[in-house]
Amino acid sequence: MKPEVPDIAVVGAGIIGVSCALALARKGFTVHVLDRQAPGLGASYGNAGHLATEQVFPIADLSIIKRLPAMLMDPLGPLRLDWQYLPRALPWFTRLLLNLRPAPYQRSVAGIRALNEASLGAWQRLLQSIDCAHLLKPDGSLLVFERPESRAALEALHARMRQQQVPVQAWDNAAIRQAAPHLSEHLQGGLFFPATGHFVDPYRIVTELVEAAKATGVRFLQRSVLDGRVQDNGVVLDTDQGPLAARRVLLACGAHSAALTTRLTGKRVPLDTERGYHLMLPAEQHRLPFAVTSLERKFIMTPMQQGLRLAGTVEFAGLKAPPMMARARQLYQLSKGLFRRDLDAQGATEWMGFRPSLPDSLPVIDRVAGGKVLLAFGHQHLGLTQAAVTAEMIGELAAPAHGSPVPMAAPYRLDRFFVGPGEAREGAR
Ligand SMILES: Cc1cc2nc3c(=O)[nH]c(=O)nc-3n(C[C@H](O)[C@H](O)[C@H](O)COP(=O)(O)OP(=O)(O)OC[C@H]3O[C@@H](n4cnc5c(N)ncnc54)[C@H](O)[C@@H]3O)c2cc1C
């Protein structure tokens with residue numbers, strides 16, 4: 001019997017690939033999802049679960065230049081750059097710095113904002129459609145500060161966020177104590193973001209979406225995709241279990257998307273990874289009502305069904321270097337002093353994951369090669385936040401209503417890295 005040729009082969013079963021697969025199947029396409037491991041075990045497994053719609057600013061600002069020496073010297077600091085990885089990271093950092101010029105910076109802010117503003121609604125629609133609304137708590141999140149000298153930085157951030165219409169409230173120590181009484185009485189104050197929330201189990205979101213996708217006819221295949229090419233009648237993917245033909249492909253391999261993008265489009269996308277860590281504390285069940293981030297200590301604590309998750313930190317060391325789990329354990333040290341009583345670390349587990357990051361902080365959400373190749377990767381710190389809206393956009397790109405373009409998709413095109421603004425772009429989108 002000849003193998004079935006799906007309309008769309010999705011490569012990557014993280015939160016992005018799985019959300020897109022379901023959206024595509026609901027549009028009537030036959031969909032196969034390929035992943036080299038079980039769904040949801042990449043970055044989507046261990047993220048901080050924060051629906052971070054308030055994070056509208058790019059991953060770096062000019063202060064990164066001042067912090068570079070510390071990044072290189074302190075292996076346990078909030079930002080670490082592996083010396084050995086430095087030569088490979090340099091072109092990416094150069095692009096990152098160029099994107100800090102006013103015009104590209106503002107383009108990035110506008111692009112992130114557009115996705116984030118649509119994110120909560122898209123997630124609510126998606127979760128309701130699979131009867132899982134209870135897995136998202138839209139109860140806000142809090143950024144706290146401890147040192148009086150940090151007040152100016154917090155106020156400046158408050159002003160910048162208001163300028164971007166991010167819903168934000170300034171909270172004093174009393175307001176924090178009322179909402180989160182287990183936090184230290186020494187906190188000076190903070191910013192509360194009412195239009196944010198948290199997922200109580202990010203991995204479960206993926207598995208629930210997988211079940212919904214299967215029920216809609218999506219097939220999941222455990223295969224590693226090694227290579228691929230576009231042909232006249234579709235796409236062929238070479239996998240570790242032989243070739244697989246499809247009419248179209250969607251690349252959603254997170255931080256691992258660059259090589260296949262090059263093979264299928266001929267373009268070298270400047271994708272790198274910001275590695276991040278978590279420490280899961282199963283003995284901590286009811287310490288926080290919502291996610292809390294520390295301005296000075298630069299990490300987040302999110303209450304989840306399995307306990308309290310401490311997460312964050314950024315490490316530039318590429319996809320191959322082994323994890324430095326001392327960075328995950330360091331998160332516990334960072335939590336000390338933020339609560340009235342220290343957290344219970346009994347049974348703690350450590351994890352490292354690869355954030356997929358592009359130097360302008362925007363994902364690639366696009367349709368290229370005459371529509372045969374769809375792209376959805378590079379969501380940096382915001383992949384969970386932006387997954388549902390990305391899936392809606394990919395659904396539109398795959399089946400544009402009356403052949404019309406998706407107006408929102410323009411800032412996320414692949415060719416933004418290869419042509420200047422205003423130059424001709426591919427017609428059929
Ligand atoms: C510590 C940490 C905290 C974070 N916190 C948050 C947060 O609070 N909120 C938020 O919105 N985001 C957060 N993020 C970011 C978010 O987790 C990512 O942006 C998101 O998970 C990316 O999803 P993805 O589906 O693109 O990639 P992944 O989840 O990594 O999935 C990619 C999949 O592709 C598969 N794959 C790759 N190459 C191949 C191949 N050649 N063949 C077959 N399969 C392949 C992999 O096995 C993997 O399953 C955090 C990330 C980290 C690391």
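## Aromatic pairs

Rings of Phe, Tyr and Trp, the last taken by its six-membered ring, pair if their centres lie within 6.5 Å. Planes over 60 degrees apart count as edge-to-face. The model examined here is predicted. By this rule it holds 9 aromatic pairs.

One of them joins Trp123 and Phe199. Trp123 belongs to helix α5 (residues 102-129) and Phe199 to strand β9 (residues 197-199), so the contact ties together parts that are 76 residues apart in sequence.

## Contacts with the ligand

The shell around the ligand counts 35 residues. Asp35, Ser44, Gln380, His381 and Thr385 come nearest.

For Gln380, a backbone N or O atom lies 2.8 Å from an oxygen atom of the ligand. For His381, a polar backbone atom is 2.8 Å from a nitrogen atom of the ligand. For Thr385, a polar backbone atom is 2.7 Å from a ligand oxygen atom. On its own, the ligand has 1,000 Å² of accessible area, and the protein covers 96% of it.

## Make-up of the shell

Which elements each supply at least two residues of the shell? They are α1 (15-26), α2 (43-46), β15 (272-281), β19 (349-357) and α11 (383-398). Strand β19 gives the most, with 4 residues.

By class, the shell around the ligand has 17 polar residues, 14 nonpolar and 4 charged.

## Cavities

Rolling a probe the size of a water molecule over the atoms shows where empty space is left. A search of the whole structure finds 2 cavities of 30 Å³ or more.

Notes. Residues are numbered from 1 along each chain as its sequence is written. This is a predicted model: local features need pLDDT of at least 70, side-chain atom pairs count only at pLDDT 80 or more; totals for chains, interfaces and linings use all residues. Side-chain values use heavy atoms; hydrogens and water are left out. A residue is near a molecule or strand if one of its heavy atoms lies within 4 Å of it. A polar contact is a pair of N or O atoms within 3.5 Å; within protein, one must be able to donate a hydrogen and the other to accept it, and residues adjacent in sequence count only if both atoms are side-chain atoms. Accessible areas come from the Shrake-Rupley method with a 1.4 Å probe; for residues, only the protein chains shown count as cover. Ala, Val, Leu, Ile, Met, Phe, Trp, Tyr, Cys and Pro count as nonpolar, Asp, Glu, Lys and Arg as charged, and the others, Gly among them, as polar. On a 1 Å grid over the protein atoms alone, a cavity is a set of points where a 1.4 Å probe fits but cannot get out, and a pocket is an open set with protein on both sides within 12 Å along at least five of seven lines; lining residues have an atom within 4 Å of a point. Grid points are joined across faces, edges and corners, and a volume is the space filled by probe spheres set on the points. Rings of Phe, Tyr and Trp (its six-membered ring) pair if their centres lie within 6.5 Å; planes under 30 degrees apart count as stacked, over 60 as edge-to-face and the rest as tilted.
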